[in-house]
Amino acid sequence: MTVDAHHHVWDLAVRDQDWIPEDSPLRRTFTVTDLEPEARAAGIDRTVLVQTVTVPEETPEFLELAAAHDLIAGVVGWTDLTRPDIADELARLRELPGGAYLKGVRHQVQGEPDPEWLLRPDVRRGLAAVAAAGLVYDLVVLPHQLPSCTKAAASLPELTFVLDHLGKPPIASGALTPWSTDLHALAARPNTVAKLSGLVTEADPAAWTTDDLRPYTETALEAFGPDRLMFGSDWPVCTERTPYGQVVDAARQLTSPAEHAQLFETTAARVYGL
């Protein structure tokens, strides 16, 4: 089972995606039906569908999509971690149609002005409820927020934290530090894993090459090892830079054949319980 562990869908007729600029080619509807032929052509069997906006209606919609499409093996949804009844809400989501596909939770931490948002007592209580529900927590953060991720992982050893997009390293500038130092610190926590995803978005939009991504991929492999790394396309966001198939090919070129089984198959299946 070859897995793309990170993609999105959205329907602008249902709700706006206010994070997309008006002049962006992403400002249109992207569906599972759009993705499926591209995924199959690239040798992808199953996927993990990840939240895009912080509204409660999206997660139930995604669970229904997972139930209706064989391509989707799991959903990382959103719910308000700070709500007092967070444990009950997670249980309610799992009782909905397709609720068995709920594998994790994510919040747009990258948009939080507090660099230590993850360490707030109300947030930490919510994260503990995610762990108690047997779910994982996806981290979408910026490089300066990585230290708080490490502290959160240390304080909640029972929760698996999944770092999306390697924490968005500064690939366009070519800088490695302090991102690489902070990434290694996070990886030192045994309850953390990461996704080789979203890297093309951080590269130079005018002239990026696969080799531009290599130092960051190699750093991630050093820090986590292939048994704690998984591939994610970040479709359709990746299409601003390159077609889906080229994202898959780049990940294969940047890693060795000996690492492919873990990166494309076993890590995602184990972490998300696919």
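Tutor: C149 counts as buried because its relative accessibility is 1%, where buried means under 20% relative accessible area, exposed over 50% and partly exposed in between, with a 1.4 Å probe and protein chains only. C238 is likewise buried, with a relative accessible area of 1%, and the structure holds zero disulfides, a disulfide being a pair of cysteine sulfur atoms within 2.5 Å. This is a predicted model, in which local features need pLDDT of at least 70 and side-chain atom pairs count only at pLDDT 80 or more, while totals for chains, interfaces and linings use all residues. Residues are numbered from 1 along each chain as its sequence is written, and side-chain values use heavy atoms, with hydrogens and water left out.

Turning to the fold, the protein has 10 helices and eight strands; helices (H or I, at least four residues) and strands (E, at least two) are DSSP runs numbered from the N terminus. The eight strands form an open, parallel sheet in the order β1-β2-β3-β4-β5-β6-β7-β8, two strands being paired if DSSP finds at least two bridges between them. Its edge strands are β1 (3-7) and β8 (229-231), each of which pairs on one side only. From one strand to the next the twist averages 25 degrees, with axes taken as lines fitted to C-alpha atoms, for helices over the stretch in contact, and angles running from 0 to 180 degrees between N-to-C directions. Within this sheet, β1 pairs with β2 (residues 46-50) in the parallel sense over three bridges, and D4 stands opposite T47 in β2. Three bridges also join β3 (residues 72-77) to the parallel strand β4, where V75 stands opposite L102. Strand β4 (residues 102-107) is mostly covered, since six of its six residues are buried.

The loop between β6 (161-163) and α6 (179-187) contains P178, and the peptide bond from T177 to P178 is cis, with omega near 5 degrees. Most residues other than glycine have a negative phi, and most peptide bonds are trans. H165 lies in the loop between β6 and α6 and has a positive phi of about 60 degrees although it is not a glycine; H165 counts as buried because its relative accessible area is 5%. K168 has its place in the loop between β6 and α6, with a positive phi of about 55 degrees, and at 18% relative accessibility K168 counts as buried.
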